[in-house]
Amino acid sequence: MSSVVQTLPVAIAGVAANAASNVAWFAPLLIAALAYFHYELMDPESRPIDMETELLLSEYDFIVVGGGSAGAVVANRLTEIENWTVLLLEAGGDETELSDVPLLAAYLQLSQLDWKYKTEPQPGACLAMNNRRCNWPRGKVIGGSSVLNYMLYVRGNKKDYDHWETLGNVGWNAEEALYYFKKSEDNRNPHLARTPYHSIGGYLTIQEAPWHTPLAGTFIQAGIEMGYANRDINGEFQSGFMIPQGTIRRGARCSSAKAFLRPARLRKNLHIAMNAHVTHVIINPNTKTAQGVEFLRNGQRHTVRCTKEVILSAGSVNSPQILMVSGIGPKEHLQELKIPVIQDLRVGYNLQDHIGLGGLTFTINQPVSILQERVQNVQTVLNYAAMGDGPLTILGGVEGLAFVSTKYANATDDYPDIELHFISGSTNSDEGDQIRKAHGLRDDFYQAVFKPIDHQDVWSAIPMLLRPRSRGLIRLRSKNPLEYPLIMPNYFADDADMLTLIEGVKLVVAMSQTKAFQKYGSQLHSIPFPGCANIQRYTDAYWECMIRYYSVTIYHPVGTCKMGPFWDKEAVVDPQLRVYGVKGLRVIDASIMPTLVSGNTNGPVIMVAEKGSDLIKEFWSNEVSRK
């Protein structure tokens, strides 16, 4: 490979050599290098086939709305039945060369791949953000949010799924969930693959990033000093510290589209239409049966019918929005907007999200962190494009994960209440270029707190509240399906959430004081947040102030189409994921989760889609046998 590298056109290297100090040259250089090395062609599968509108059928057995983390799985699994026809409709386009690069995850937010949602202003959260509104990235692209996320593969705690079953959701216990996690998985770590908790041979590649800074090992050593084991957090026990595994393949992002749609691209019974924005589910109001969908493509309105089911896999924001504009939702809300009510259900309620403290930054005295000038250069581009190695393969900058327990958790139980995302950098590490924008920070806030430490080596950790008690709401802004809905997460509405998260901040500060981190002279960044400067530092009131200013979502909204038994008045779908009171309509995505899992949600959403696909197969095989 070295001889190949040496033949890279001098012109490409010259782009960077002659560039100014800004990084406008970096993306073109990276794209040119990827094209030169045919990195995309090294994938065993080519891109999904985007069908022209005139080639689409007028009728399919199944219509899947949303080609994201769930929809890609459902489309793959349903087309395993050769005589079933499936149409997958995705509002966004295809993945890009840059979206494949793990370290550049933050650069994808606010791009054309992102719906660019924002929360409504609320008192006591997101105070450092522009207009006090938190950014809520959601993937508007084939592969959905698995194209924008930080690729962390986390399953949650066994007790999460057992709890789902105790709520009346038969068949959703931890043992059942493990079966479907393993069904998808192709784990490239030989040690983990040999355990009962992992498998090989599935569509979804799981492995560690091939490159780490020295801080990754320091994080693990600090955890051991604090009494935690270095263990597989997706294994027998969750509490502990781990170098994270992610959905990556040969150093590049392995989105759900890459994992599940590319291998199915030549199936004659699968049609995929990108840039096709579904606006309504067509429902017969007399029989209350889903008959198809309406979608916009290239400015034109189209309808397509289904003979079996419409499956909404549009996510926790879009699935409830589509249901409500189609007449399925809270009666009073729909009547207020003059939407004819087909089924009165608590759509949009039960919204839950993982929230944490951003910008908890520690300065260090050695050049070991991720700084922009260290990772955006010709050598790192060549390492990535030619070898699938180097710092560009780090999972969005996250080099460590830990599940820890505060004083509010049961000390005898393996049910931690805080997750730590350890980052070998912080908000200042790209000199305000993108992380600031991705988090929606006000310019004056960034200038006051982080500008003074531009170019300095730092690390940070985001303490994340695992099981928030607060519940939010999604509402329609209007009956127009193209107008973004109202997102009201109600962060910290329950005081217990703030109290627990404050303890999580203290755990990070304690970690900074371990011998492992003191080898780098770790010190909490000395400039207080504006608005918190008059509060005594290292007090609960000070940590609370920081949390209320730099509140960061970890982008895990769930629960807005809650799964529950028939006696649950909050339930939108039953344990088979069928919408109550409407035939031929299911929801299969994060919105069905009755409670938020104790970890990052991409892996669990794929698990839900695997199980949901089997539920559909089982239902229709029984339907055939009944006939």
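Reader: Which residues does Val-141 touch, leaving out those up to four places away in sequence?
Author: This is a predicted model. Val-141 sits in the loop between strand 4 (135-136) and helix 6 (158-166). Not counting residues up to four places away in sequence, the residues that Val-141 touches are Gly-67, Glu-90, Gly-92, Gly-93, Asp-94, Glu-95, Leu-113 and Val-147.

Reader: Is Val-141 buried or exposed?
Author: The cut-off for buried is under 20% relative accessible area. The relative accessibility of Val-141 is 0%, so Val-141 counts as buried.

Reader: Which residues does the UniProt "binding site" annotation cover, and what is the largest C-alpha distance?
Author: According to the unreviewed UniProt entry, the "binding site" annotation covers Val-141 and Val-278. They are spread over 138 residues of sequence yet cluster in space, the largest C-alpha distance being 13.6 Å.

Reader: Where is Val-278 found, and which residues is it in contact with beyond four places in sequence?
Author: Val-278 belongs to strand 12. With a relative accessible area of 6%, Val-278 is buried. Leaving aside neighbours within four places in sequence, the contacts of Val-278 are Val-65, Leu-89, Val-293, Glu-294, Phe-295 and Ile-322.

Reader: Which residue of strand 13 does Val-278 stand opposite?
Author: Strand 12 (residues 277-284) and strand 13 run antiparallel and are joined by 7 bridges. Within this pairing, the residue opposite Val-278 is Phe-295.

Reader: What is the phi of Asn-298 in the turn between strand 13 and strand 14?
Author: Strand 13 and strand 14 (residues 300-312) pair in the antiparallel sense over 6 bridges, and Val-293 stands opposite Val-304 in strand 14. The two strands form a hairpin with 2 residues between them. In that turn, the phi of Asn-298 is positive, at about 55 degrees.

Reader: Which residue takes a positive phi in the hairpin of strand 12 and strand 13?
Author: This hairpin has 4 residues between the strands. The positive phi is near 50 degrees, and the residue that takes it is Lys-288.

Reader: How many residues of helix 11 are buried?
Author: Helix 11 covers residues 315-325. Among the buried ones are Gly-315, Asn-318, Gln-321 and Ile-322. Helix 11 is largely enclosed by the rest of the structure, because its buried residues number 11 of the 11.

Reader: Which residues does UniProt list for the "Glucose-methanol-choline oxidoreductase N-terminal" domain?
Author: Over residues 139-162 the chain is 21% helix and 0% strand, and the end C-alpha atoms lie 29 Å apart. Residues 315-329 are 73% helix and 13% strand, with end C-alpha atoms 16 Å apart. The unreviewed entry lists for this domain residues 139-162 and 315-329.

Reader: What is the class of the residues in the contact of helix 3 with helix 14?
Author: Helix 3 (residues 26-36) and helix 14 (residues 378-387) pack at an angle of about 35 degrees, with their axes 9 Å apart. Helix 3 contributes Phe-26, Leu-29, Leu-30, Ala-33 and Leu-34 to the contact, and helix 14 contributes Val-378, Val-381, Tyr-384 and Ala-385. The contact has no polar and no charged residues, and 9 that are nonpolar.

Reader: What is the phi of Asn-350?
Author: Asn-350 lies in the loop between strand 16 (343-344) and strand 17 (355-357). Asn-350 is buried, with a relative accessible area of 13%. Most residues other than glycine have a negative phi. The phi of Asn-350 is positive, near 65 degrees.

Technical notes:
Residues are numbered from 1 along each chain as its sequence is written. This is a predicted model: local features need pLDDT of at least 70, side-chain atom pairs count only at pLDDT 80 or more; totals for chains, interfaces and linings use all residues. Side-chain values use heavy atoms; hydrogens and water are left out. Axes are lines fitted to C-alpha atoms, for helices over the stretch in contact, and angles run from 0 to 180 degrees between N-to-C directions. Contact means heavy atoms within 4.5 Å. Ala, Val, Leu, Ile, Met, Phe, Trp, Tyr, Cys and Pro count as nonpolar, Asp, Glu, Lys and Arg as charged, and the others, Gly among them, as polar. UniProt positions are given in the numbering used here, feature names are shortened, and annotations may be inferred rather than shown by experiment. Two strands pair if DSSP finds at least two bridges between them. Buried means under 20% relative accessible area, exposed over 50%, partly exposed in between (1.4 Å probe, protein chains only).
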